[in-house]
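Biologist: I am new to this structure and would like to know how its descriptions are reached. Please show it, and I will ask about the terms.

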Amino acid sequence: EVNLSGRSPEARFAPLFAVLRTLHAVGRRGGGVLVAIDDLDRSDNTTAEAVRFLAASPEGSRMVWLMTVGPEAPAGSVRCAQLSAQGVEAVVSAMLPGLQAAGELGQLAYQATGGIAGEVVDGVMRLVNEGAIRFADGRWVLRAEGIARHAFGALSADRIAELLDSLPAEVRVDLAAAALNGGCFEAACERLELDRERTARARSAGTGIRALRNDGGRLVVASDGVRELLVAGLTQGQERRIRGALAQSLAGCTAASEIACRAEHLHALGLDDQAVEERLRAANAALANADLLATCKSLEDACNWGGSAIGRQVALRRAEVLATAGSVEQALTALDEALQYGCDKTAVQRTRGRILARAGRYDAAIEVLGEAAVGNDEGDAADDRFWLGWSLMMRGRYREAETLASTSAASLGDRARLSRLKGTVAWHGGNPNRACDVLQEALAQATESGDALVVIEVEQSLGTAERLRGNLEA
């Protein structure tokens, strides 16, 4: 079991492939592995890449596949019958034991989903996550507050627009400031230094017309539609004044989300050089916090805002981060964009080889990296040697991989990557104790190097080796 709590959605994907590599190892050494996937037809890109990774099992791995798909499955699939009304009620009752309204909820779920089990489960979990249903005193109960929010918590956009027109101009501007501040009301008032009376007046008006709602103890703009209404009501001069004040208040901030917010304001004000600089700073801050999704978003905006010069600077880095996050197809697309920015073709091709290796397309990676990975100690070449060695290892060519792992590298980050390879070869070869020792050394090197991406990669391998060692000791 992998503990991924507290990680961003995209960062949670990164350890997935390390776990899948463990499955490969178990499939080779044990009695085989059963892989069961529900609702494969509804899989996201990461799941699809994981399936491709597992399907490319090295020779000797034994895996049995069991998958369920929805009603639009390809011809020839074994079709699973949709649940009856009684079956849906049984699913709801099993998920929410003790809920007195389980029967009625099951009937509603059946009418809404037609008995597709995955949609029933998703719907129940949505009600739980949004607080409409909670667990109390040993059973599940409906929350009046949660039900009221679903039933009465929103007005139509047209009605809110009518009510906004009835508010004083100053109140409308203050609510629009919250919309420009990512939707958070209190933070906008603080950053604009509004006094208590003015803040209270805007809060009362906004909640009164339901333009603001409570979200986990803080007031936010009720929806994207309301946010658009509020911003559309500003004059160009008002919007520029608010954005300028918000950007000024965020100067010197260190949190990735706040830096990114400042970059958005600067971009809207036409200050693209400053906006790009802040987006790159936001990318570094997000990467240091292992938030790969936010890192990719900031790098993408920097490319779009900064033109070819910035694109050549960061496009390859963005592709590498996408690949680390498990978004391999997007990473390969980013490489095509890198060529359009004018990046060196050889560098793009070498990056492509590394990404193919990350994706489990080892034969293609070996072909691409075979010539580029040897011969010197430059940073890119050391990274190429790592991924070539990784691909050779995953094809069972351990001796060749060990040879590449033992080559020299100039920087701490590159030495950490090669040590990671050496440690991973050790646990693939059945020596998890040595693997953990080598990977601990690699983690120390990665941490000292200050390269957050290398730290994430080494932590993935070390976690896998420690779990494997624990399984063998058990």
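Modeller: Confidence in the protein chain is lowest in helix H1 (residues 9-13), with a mean of 46, and highest in helix H13 (residues 236-249), at 94. The score is pLDDT, the predictor's confidence in each residue, from 0 to 100. Over residues 1-13 the pLDDT is below 50, and this stretch has 20 contacts in the model beyond near neighbours in sequence; contact means heavy atoms within 4.5 Å.

Biologist: What is the average pLDDT of the protein chain?

Modeller: The average is 80, and 78% of the residues score at least 70. This is a predicted model, in which local features need pLDDT of at least 70 and side-chain atom pairs count only at pLDDT 80 or more, while totals for chains, interfaces and linings use all residues. Residues are numbered from 1 along each chain as its sequence is written, and side-chain values use heavy atoms, with hydrogens and water left out.

Biologist: What makes a run of residues a helix or a strand?

Modeller: Both are DSSP runs, numbered from the N terminus: helices are H or I with at least four residues, strands E with at least two. The protein chain has 24 helices and six strands.

Biologist: Why is Thr351 called buried?

Modeller: Its relative accessible area is 1%, and buried means under 20%, exposed over 50% and partly exposed in between (1.4 Å probe, protein chains only). Thr351 is therefore buried. Thr351 lies in helix H18 (residues 345-358) and, leaving aside neighbours within four places in sequence, is in contact with Leu316, Glu320 and Leu335.

Biologist: How do you know that the length of helix H9 agrees with its number of residues?

Modeller: The expected span is 1.5 Å times one less than the number of residues. For the twelve residues of H9 (residues 169-180) that gives 16 Å, and the end C-alpha atoms are 16 Å apart, so the two agree. H9 is mostly covered, with nine of its twelve residues buried, among them Val171, Asp174 and Leu180.

Biologist: At what angle do the axes of helices H22 and H23 cross?

Modeller: The axes of H22 (residues 412-428) and H23 (residues 432-449) cross at roughly 165 degrees and come within 8 Å. Axes are lines fitted to C-alpha atoms, for helices over the stretch in contact, and angles run from 0 to 180 degrees between N-to-C directions.

Biologist: Why is H22 called roughly antiparallel to H23?

Modeller: Angles under 35 degrees count as roughly parallel, over 145 as roughly antiparallel, 65 to 115 as roughly perpendicular and the rest as oblique. The crossing angle therefore makes H22 roughly antiparallel to H23. Residues making the contact include Leu412 and Trp427 of H22 and Pro432 and Ser449 of H23.
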